[in-house]
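Me: Could you take a close look at the aromatic rings in this model and at what surrounds them? I'd like one connected account, with the cut-offs spelled out as you go.

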Amino acid sequence: QDAGNHTLLSEFVLSGLSSRPELQHLLFFTICLVYSMTLMGNLLICMVTVHPTLHMPMYFFLRVLSLLDISTATVVVPKMLVSLLSEDRSISYLGCVTQLYCVVFLAATEWYLLAAMAYDRYVAVCSPLRYSAIMNSRACLSLVLLSCCSGKVVSVVQTAWVFTLSLCGPRRINYFFCDIPPLIMLSCTDTSRYERQLISATVLVIFTPFCLILLSYTCIISSILKISSAESRHKTFSTCSSHLTVVTLYCASGTLIYLQPKSTNSQDAKKILALIYTTVVPTLNPLIYSLRNKEVKEVLIRVMAVQM
């Protein structure tokens, strides 16, 4: 079953993060710790942002982002942890399809959500008197649903295209989860057309929201510079800096992974980038937003004080 059309394949084999046996247990405990921090940190953000004092669109979007981060890590990490302790690294054909669909859906949705968060900051800084009217609960929910629908369209198209390729190479996937670049390397047909399509999709999913984010922050910075008080300028910019940090992390890792989809020389580097994207960034998000946001820190301290 290692050769022939992809319809003959019943399962794939994931190579994992490393083939060195002495590293398996160290990787297991490290990734398990990071995953636990991801769950605890993002669940804490979800709990904190429902506090009455944080009943604002900014924190509603942050709560949705935390849920997406939990989902992204959960789609990838548990299977990876099992593979690190087990000799059986197989994943069923349907499991691979499902994992790819979920990863692409969550990644695309997060990008559109980050654009929505940038728009929220733009309205808050540039039109503060109309902020409540523009960013009402209906508008916020609509932006989240639009992000999810856009992510779903991207995911359906990308997953369908990948699994219509003739996968007649070895069924071993040189990766730790089912993703587009390692899967198209199994194809026995010319994938140059698909690679061009993937680059176009990457531009659509990453650079279109990024351009909207960049435009929003150009207007935001222009407005901040017009504020006479240095303290007010610092306070206004500090509410935006966390979001900019997260955007930079996602943009750097996402573009490096998907803009060279069939590059064999950078496969190990892509594994590291994918690990950062799927496990490290979801862990950092709660830290970035809590440590750099005074209101979140205050509520977090109060919540922890009550629990203790």
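Reply: Happy to. Nine aromatic pairs are counted here, where rings of Phe, Tyr and Trp (its six-membered ring) pair if their centres lie within 6.5 Å, and planes under 30 degrees apart count as stacked, over 60 as edge-to-face and the rest as tilted. One of them joins Tyr-175 and Phe-176: the ring centres are 5.6 Å apart and the planes meet at 15°, so this pair is stacked. Tyr-175 also pairs with Phe-177, with centres 5.3 Å apart, but here the planes stand at 55° and the pair is therefore tilted.

Before going on, a word on the basis: this is a predicted model, in which local features need pLDDT of at least 70 and side-chain atom pairs count only at pLDDT 80 or more, while totals for chains, interfaces and linings use all residues. Residues are numbered from 1 along each chain as its sequence is written, and side-chain values use heavy atoms, with hydrogens and water left out.

Buried means under 20% relative accessible area, exposed over 50%, and partly exposed in between (1.4 Å probe, protein chains only).

Elsewhere, Phe-12, Tyr-93 and Phe-163 make up one aromatic cluster. Phe-12 has Ile-91 of strand 2 as its bridge partner. Strand 1 (residues 11–14) runs antiparallel to strand 2 (residues 90–92), joined by three bridges; two strands pair if DSSP finds at least two bridges between them. With strand 3 (residues 172–173), strand 1 pairs in the parallel sense over two bridges, and Leu-14 has Ile-173 as its partner there.

Leaving aside residues up to four places away in sequence, Ile-173 touches several residues, among them Phe-12, Leu-14, Cys-96, Cys-178 and Leu-186, where contact means heavy atoms within 4.5 Å. Ile-173 also belongs to the largest nonpolar core, which has 82 residues; Trp-111, Ile-173, Ile-180 and Leu-183 touch the most other members. Such a core is a set of buried Ala, Val, Leu, Ile, Met, Phe, Trp, Tyr and Cys residues joined through side-chain atoms within 4.5 Å. Helix 3 (residues 93–126) gives this core its largest share, 17 residues.

Gln-197 counts as buried at 16% relative accessibility, and touches Gln-158 and Trp-161, not counting residues up to four places away in sequence.

Technical notes:
Helices (H or I, at least four residues) and strands (E, at least two) are DSSP runs, numbered from the N terminus.
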